[in-house]
Amino acid sequence: GTVQEMQDLKGGDKFKLTTKNWLTSQGTWVDGKGITPDIEVTLDQKFYETYSEEDDNQLKMALEEASK
């Protein structure tokens with residue numbers, strides 16, 4: 001991905017400046033391509049109804065994997 005910031009010019013014009021690029025650990029830029037996850041976890045319907053961390057099974061799996 002990329003991070004872009006709006007910059008002001010004299011006269012009120014603006015331009016967008018790319019300030020950061022997100023790369024994989026191997027240095028591959030994935031903007032416009034995406035990546036395939038190592039572990040795919042679909043959000044449970046309950047999360048969409050509550051939007052709480054308690055019902056976020058993707059977050060739970062990420063924390064579980066990070067603690068291994």
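Tutor: Let's start with a term: buried means under 20% relative accessible area, exposed over 50%, and partly exposed in between, with a 1.4 Å probe and protein chains only. This is a predicted model, where local features need pLDDT of at least 70, side-chain atom pairs count only at pLDDT 80 or more, and totals for chains, interfaces and linings use all residues. Residues are numbered from 1 along each chain as its sequence is written, and side-chain values use heavy atoms, leaving out hydrogens and water.

Student: Okay, so is Tyr48 buried, partly exposed or exposed?
Tutor: Tyr48 is partly exposed, because its relative accessible area is 43%.

Student: Which helix is Tyr48 in?
Tutor: Tyr48 belongs to helix α1, residues 45-50. Helices here are DSSP runs of H or I with at least four residues, and strands are runs of E with at least two, numbered from the N terminus.

Student: Zooming out, what order do the elements come in?
Tutor: From the N terminus, the order is β-β-α-α. The protein is more spread out than a compact globule, because its radius of gyration is 18 Å, well over the 11 Å from the globule rule for 68 residues. That radius is taken over C-alpha atoms, and the rule is 2.2 Å times the number of residues to the power 0.38.

Student: How much of the protein is buried?
Tutor: Of its 68 residues, 10% count as buried.
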